[in-house]
Structure formats: structure tokens, C-alpha cells
Protein chains: 2
Amino acid sequence: MSEFLSLVPPAKARELYLKKIIEVLELSTETMPTVDSIGRVAAKDITAPHPLPAFTRATVDGYAVRAEDTYGASESLPAYFKVVGEVKMGQPATINLLPMQAALIYTGGMLPADANAVVMIEHTQKISADEIEIYKSVSAWENTILEGEEIQSGECVVTQGQSIRAVEMGGLLALGITQVEVYRKPRVGILSSGDEVVSPYQAILPGQVRDVNSYTLSALVKACGGDPLPFGIIADDENKLREALHHLSSQCDMILITAGSSVSARDYTARVIQEQGSPGVLVHGLNTRPGKPTILALCGKIPIIGLPGNPLSAYVIATHLVKPVIFTLQGMRKFPFPNLRTARVTLNLSSQAGREDWIPAKLISTDEGWLAEPIFGKSNMILALARADGLICIPEDNTGISAHEIVTVELLDN
Amino acid sequence: MSEFLSLVPPAKARELYLKKIIEVLELSTETMPTVDSIGRVAAKDITAPHPLPAFTRATVDGYAVRAEDTYGASESLPAYFKVVGEVKMGQPATINLLPMQAALIYTGGMLPADANAVVMIEHTQKISADEIEIYKSVSAWENTILEGEEIQSGECVVTQGQSIRAVEMGGLLALGITQVEVYRKPRVGILSSGDEVVSPYQAILPGQVRDVNSYTLSALVKACGGDPLPFGIIADDENKLREALHHLSSQCDMILITAGSSVSARDYTARVIQEQGSPGVLVHGLNTRPGKPTILALCGKIPIIGLPGNPLSAYVIATHLVKPVIFTLQGMRKFPFPNLRTARVTLNLSSQAGREDWIPAKLISTDEGWLAEPIFGKSNMILALARADGLICIPEDNTGISAHEIVTVELLDN
């Protein structure tokens with residue numbers, strides 16, 4: 001609770017924090033149109049109500065036949081078939097095939113009951129109005145997709161805890177599943193504090209800075225599936241923070257505070273968070289740069305994260321600690337893959353042993369692969385991030401990286 | 001124009017197509033709130049209206065001093081300073097410092113006029129109400145960020161053609177830039193055709209399939225910054241296609257058609273597209289699987305892409321050919337980095353020489369890195385994509401990939 005922090009390695013802090021959150025996690029669900037569900041997480045296993053395809057279909061244009069009638073057919077010794085009809089797209093195939101009979105069929109068309117293969121049109125020749133030569137034999141079910149080959153009735157399309165991407169949405173719609181039960185989006189309260197902080201819509205006076213965190217954090221929350229509730233700016237005042245937290249606790253599933261910069265603000269922020277419920281503050285201080293003064297708390301069921309006040313630190317920490325919490329709060333079983341690039345760093349980078357460093361970097365494409373050019377700057381420089389493609393991590397067990405060494409760059413959200 | 005396609009390598013087709021589109025490109029712009037501009041593209045260079053920081057600030061908590069007064073200070077021989085005040089956060093620093101005077105200051109506070117450095121609080125000791133010892137000398141401007149160090153007045157914050165991410169939005173707001181001029185979102189008409197295609201909200205009869213493409217393509221268009229205008233489903237009918245294209249041409253900046261599957265539909269689709277304006281059809285047939293029957297056309301200023309009717313092929317081709325067109329139509333200078341993973345493939349994969357293949361694959365994490373497990377299936381299986389994390393590319397100059405070889409997996413959109 002004092003200014004002297006006992007620093008925890010970020011990976012350990014994250015693991016501990018998510019574990020504690022999962023212990024008290026209570027997810028609620030809602031039903032919504034499948035077409036709007038991209039990015040949402042399925043609240044239960046969704047199974048196929050019927051097989052897909054719903055009927056055996058041709059996968060090429062050609063002639064539906066009984067495969068055994070084509071055996072032995074070749075360029076030099078074609079087989080002769082009588083064409084007894086055409087399968088219309090979108091209609092049931094009502095044609096019955098007798099031996100050595102064929103029906104014209106198009107890609108996606110329904111296979112007639114007595115047919116078990118399709119000869120590609122390229123391997124046939126029309127010789128009269130109702131007769132064709134076939135130059136190539138087909139085996140049973142060749143050039144078809146069988147009823148249920150994509151999915152059988154009752155098989156799982158999307159499992160509980162799985163994120164719905166465009167392709168899952170498509171799969172659900174293909175099966176006529178137009179409503180899905182998903183977990184509710186976590187509501188994330190966002191509080192900017194600081195006597196020096198004013199709205200970006202306001203002119204600044206000497207000593208003042210504009211609020212950036214409310215907006216960058218709202219964007220980050222939205223990008224990872226949360227519903228941001230920006231509370232606005234409060235002055236560095238213990239009672240105002242208490243009131244704001246009290247108000248947000250009744251409305252939110254998670255709260256982010258960007259802390260005031262005064263020493264007193266830092267003293268009372270952790271204390272006021274602690275009052276909101278047990279277990280309270282779990283971590284106060286991360287062995288990372290930027291982001292050392294971060295607070296991770298769990299008050300009742302509500303994760304509360306105290307972020308550094310300066311926009312670069314707040315955003316970098318949010319990328320690594322807020323995102324996984326929001327993923328967890330929406331019931332996601334498997335987190336999305338971060339966008340990474342392997343690159344050679346252009347300069348020597350030093351770091352303290354035991355501390356994890358994140359350094360903004362620009363990626364430069366060369367014939368020998370990517371170069372990562374670090375962008376140096378003080379940690380309050382949001383524009384250092386705006387000039388960067390991503391972040392280089394110097395892991396905690398490393399005291400630095402030499403120029404030309406290979407690093408992983410984690411790309412920033414688009 | 002006939003069924004016999006002259007197949008173009010996809011990379012060459014894409015290059016040719018984007019070049020032709022850029023030749024006739026006319027971008028229009030709109031002004032919008034900066035806070036809503038994430039994902040949009042700046043229509044002009046945006047410069048800083050004032051320096052940032054707007055005043056020289058402390059980057060630590062401590063005492064603002066004249067650096068020269070601290071020279072020689074050490075643990076064994078501290079320097080004594082008189083504390084003449086405290087810089088309040090958010091207020092102009094009105095304190096004047098005389099030699100050997102200090103002012104209490106917090107991170108982000110405005111440096112008093114006569115100060116040129118900050119001594120960290122950890123390197124000081126209070127010895128009376130208004131006197132401190134300083135144990136460590138500071139050099140000029142140590143522990144400060146100078147006025148304009150982040151950006152100077154008139155310098156570029158965001159350049160024309162640059163995408164606005166959360167961090168650019170933050171940088172703009174830090175400078176009080178609350179409105180931005182961006183390129184208008186391209187309106188992308190989406191047309192599903194096929195006698196067999198019905199709405200996902202409808203029960204299917206034998207021979208029918210539900211429309212998936214309207215929805216997966218709308219999602220893809222939205223994800224890359226376009227504004228989808230789904231037109232709905234039309235039957236395989238030359239006149240209906242003509243009417244629909246005519247209607248969409250007056251409303252859209254780009255049109256996607258998922259083609260009907262009948263041979264006649266394939267015959268007339270390219271012809272009807274060709275009628276919409278010159279240069280017309282530029283590519284008909286790509287040497288790729290899936291996606292061979294793709295049509296790339298430019299009619300007047302409107303790119304029209306004919307996609308294969310089956311959902312997997314349409315989505316894979318859209319990922320590689322529709323996305324870059326939408327990026328181009330919104331004036332983007334540099335396309336976003338695709339999300340890639342390097343992995344070892346678990347099975348032998350074969351491909352035709354000269355043909356580029358895209359194979360859905362699941363990524364499996366192991367101690368030795370990622371494995372890519374191909375998901376085989378017929379090309380109309382949207383659920384093969386739903387089971388995949390991404391796509392493995394077998395380049396056109398390759399006839400296959402052996403098990404355990406390293407491949408790049410391009411992750412699907414979330």
C-alpha cells in the first residue's frame with residue numbers, strides 16, 4: 001500500500017491474476033442473431049440440426065452416372081451413355097438412372113438416387129442429342145460430396161467457449177442456425193484521474209495535459225470484445241475516487257483506473273481499491289518497463305486494474321494485462337493469436353536483469369527479412385507508439401539484446 | 001468469355017488489377033470525430049498545432065533544481081537545498097528558483113522557469129520543514145521531458161494515406177485534434193446468385209443450400225474497412241444479373257458477385273460484367289486452388305469481382321484479392337500486416353506445378369514450436385475453415401511440401 005512496491009514479474013502476475021479471476025467467474029449469457037455474433041464467444045456447444053451437405057452433391061460439372069458402368073472406359077475405348085435428363089440447380093433430383101444412363105449435372109447439383117459418381121464434362125463428348133461418349137472411368141462417389149461429409153447431424157459446429165469468427169458464422173448459417181447463445185460482453189468502466197488532466201475538447205493551460213487514456217483504453221477494450229464505459233476525468237481526490245469506484249462497481253464487470261500522478265494519489269489509490277472488496281489488491285508493482293506502478297486487484301468478482309497515468313505505459317500494460325482479463329471475462333477458452341513478426345533489431349538494447357522491457361519499434365522490410373528499429377523516447381510519449389508498428393520484448397532473464405539479434409515484435413492493434 | 005479459362009498466377013493478377021484500379025482511382029473524403037476514426041485512412045497530412053509536451057515536464061517525483069547546484073553532491077557529501085514551494089499538478093509553475101533552491105514536483109508536473117533538472121525523491125532526504133539533502137548530482141535536463149520533445153509544432157502526426165490505429169487516435173487527441181479528414185469508406189455491393197441458393201432464415205428443400213457468402217463476405221468487407229451493401233440472392237438469370245449490376249453500379253464503389261453454378265451462369269456472368277464498362281474483364285481464371293473461376297474486372301471506376309459460388313473458395317479468394325482492393329479504395333498507402341505463424345506441416349501436401357494452393361490448417365502448439373495440421377475437405381466445406389486457424393500456402397513454383405517442412409500459416413480474421 002505504500003510507494004515502495006514489491007515488484008512481481010509480469011508473466012507470474014498475469015498467471016496469478018487470471019487464476020484468481022477464474023475462481024470467482026460467473027458468466028451470464030444472451031441470445032443474439034448469428035449474423036451479428038462475430039467476436040462473441042459461444043456459451044454452449046452448438047450442434048448441427050441436420051447433415052451438411054443435406055444431400056449428396058456434384059463437385060464438378062458433368063454427368064451423373066453409376067460408376068460401375070464406366071469401368072474400362074478410355075480415350076481409345078469410350079463408353080456410350082444415354083442422357084436421360086438434367087438435374088436442375090436447387091431442385092430435387094427426380095431422375096432414375098438405369099444402367100448406361102447419365103444425367104447432366106452442375107457443380108452443387110443434387111445427385112440422382114441411382115447415381116454414385118459424376119464424370120467431368122471434359123471427359124465426355126456429345127455425339128447426338130441424347131448420347132455421350134465417356135473417355136475416363138470414375139470410381140464410386142468420385143466428384144461428389146456425400147450427404148453429411150461436411151458435418152453429421154448432432155456433431156458440434158462450435159464448442160462452448162469458442163470465439164465466433166466470420167467462418168464459424170458462415171458455418172452456422174449454412175446449417176440454418178440464425179440465433180446463438182453467447183456470453184455477455186464484459187462492461188469495462190474506465191476512469192482517468194489527475195489534477196492536470198483535461199478533456200481533449202478543451203484548450204490546455206500551462207501545466208495541463210489532455211486525456212488520452214479514456215479513448216485509447218476504450219478502443220483497446222472494444223477491440224478485444226469488451227464494452228467500454230468511460231466515466232470521465234476525476235481530480236486527484238481520495239473521496240472522488242471512492243465515489244467513482246462505488247458508482248462503477250454497480251455497473252461494471254471490470255474497472256480500469258489511470259492513476260493520478262501526485263504522490264498522495266498513488267498512496268490512496270491502492271487503499272481505496274482495497275476497500276472495494278476482498279481479496280483486494282493482489283499485485284502492486286510489476287517488474288516491467290513501462291508499467292512499474294501497475295495495480296492488479298480483485299474486489300468481489302470485479303477485477304480492478306490501476307494503470308500508470310501516462311498514455312504509452314497505460315496502453316502497453318493494457319495490451320498485456322487488460323486484454324487477457326477481458327478475454328477471460330467473456331468466457332473465451334482459447335485467446336486469439338497475437339500478430340507477431342520475427343525481426344533483426346538494428347541497435348543494441350539494454351535492460352535490467354529481472355525486468356521485462358517493452359520497446360516500441362518500426363518494422364522495415366529488407367531482402368533478408370524484417371528489421372526492427374527501436375523508437376526511443378520517454379515513457380509518456382504516445383507518439384512513440386504512433387510511430388511504431390509494434391513492441392519488442394526484452395524478457396526478464398535478459399540484460400539486453402545486441403544489434404542484429406533476432407527478436408519477436410508484437411504488432412499493435414490496427 | 002468462354003468456359004475455357006486462361007489461368008493467370010494470382011500474384012500477377014493482383015498486381016495487374018491493383019495497378020489498373022489505381023490508374024482510375026478517385027478518392028473522396030469526409031470529416032469525422034477523431035475518437036471514431038480508428039481503422040480510417042487520413043486524407044491529408046495532419047500536423048501538430050502546438051508542441052508536445054506543451055511545457056517541459058518532470059518525468060519522476062522529486063525536486064526541481066538548477067542542475068549546476070547539484071554538481072559534486074554524493075552520499076558522503078550531500079548538497080543542502082532550501083525548498084521554496086511545490087509545483088501543483090495541472091497548474092503553471094510560478095515558482096522562481098534562486099541558487100540552492102528546490103521545488104517539490106511530481107511526475108508530469110511543469111518545470112519552474114529557472115529549474116533545468118529534477119532530482120529523484122529517492123536521492124533526497126528531508127532534514128527540516130523547508131530543507132533537504134541531495135545525495136546525487138543531476139545533469140542539465142535530467143529527469144525531464146522537454147517542451148516539443150515528443151513533437152514540435154508543425155511536425156506531421158499522421159501522414160496522408162496512413163491508417164489511424166488506437167495509438168494515432170491517442171496522439172491526435174493529445175494535441176487537441178478532435179476532427180480528422182479521412183477517405184470515405186468504399187461501399188461494396190455483394191450479390192449472391194444461384195438457383196439453388198436460399199436465405200439462411202429459410203428451411204431448405206432437397207437440392208437447395210443456404211446463402212453463406214452474403215454474410216461471410218460482408219464480415220470480411222467490414223473487417224478491412226469497407227461498407228458492405230448486401231443485395232441479396234438472385235436466380236441464375238442473365239437479365240436479373242444485368243439489372244442487379246446496373247442497380248449496384250449506381251450505389252457502390254466495388255461489387256462482389258458469387259457466381260451461379262450452372263454452366264450458362266458461368267457463360268453469361270463474364271459477359272454481363274463486361275457490358276458494365278471498360279476496360280471490363282481483366283482476368284478470367286486464376287491458377288489457384290481454391291478459386292480457379294475468379295473474374296477480376298474494372299468497369300469504369302468500379303472494380304467488379306466474380307467469386308466462386310462455394311463459401312470456402314469465395315472466402316479464401318476474398319482474403320487474397322478483395323481485401324487489397326478495399327484497402328486501395330480507401331486510399332491506404334501501406335496495407336496492414338497479415339497475422340502469420342511459421343509452423344511445421346504434419347503431412348505431405350501435393351500441388352500442381354504452376355498452381356498456388358491454399359489449404360486450411362489447424363495450429364498445434366508444441367515445445368518445439370507450432371505444428372500446422374492440414375484440414376482436408378472438398379472446397380465447398382465452409383466448416384473446414386471453421387475448424388482451421390489459418391491457411392497454408394503452397395506457392396506456384398512448388399509441387400508440394402513434405403511432412404515436417406516449415407510453412408507459413410496465414411491466420412484467418414477473428
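Okay, let's start where the two chains meet: 73 residues of chain B are in contact with 73 residues of chain A. Keep in mind that this is a predicted model.

So who supplies the chain B side? Helix 2 (166–174), strand 15 (209–210), helix 3 (213–223), helix 6 (311–329) and helix 7 (382–386) of chain B each put in at least two residues. Helix 2 of chain B gives the largest share, eight residues.

Now, staying in chain B, let's look at a sheet. We've got six strands in an open sheet, ordered 7-4-6-5-9-8, and the pairing is mixed. Which strands stand at the edges? In chain B that's strand 7 (117–120) and strand 8 (124–128); each has a single partner strand, so one side of each has no neighbour in the sheet. Going from one strand to the next, the twist averages 40°.

Let me zoom in on one pair there. Strand 5 (residues 79–86) and strand 6 (residues 101–105) of chain B run parallel, with three bridges joining them.

Last stop, chain A and its domains. The assignment gives four entries: domain 1 is 10–28 + 185–329, domain 2 is 38–50 + 154–183, domain 3 is 57–145, and domain 4 is 340–411. Taken over C-alpha atoms, the centres of domain 1 and domain 2 of chain A are 33 Å apart.

That's my tour, thanks.

Terms used. Residues are numbered from 1 along each chain as its sequence is written. Chains are lettered from A and ligands numbered from 1 in the order in which they are written. This is a predicted model: local features need pLDDT of at least 70, side-chain atom pairs count only at pLDDT 80 or more; totals for chains, interfaces and linings use all residues. Domain bounds come from an automatic or database domain assignment. Two strands pair if DSSP finds at least two bridges between them. Helices (H or I, at least four residues) and strands (E, at least two) are DSSP runs, numbered from the N terminus. Axes are lines fitted to C-alpha atoms, for helices over the stretch in contact, and angles run from 0 to 180 degrees between N-to-C directions. Two residues are in contact if their C-beta atoms, placed from the backbone, lie within 7 Å.
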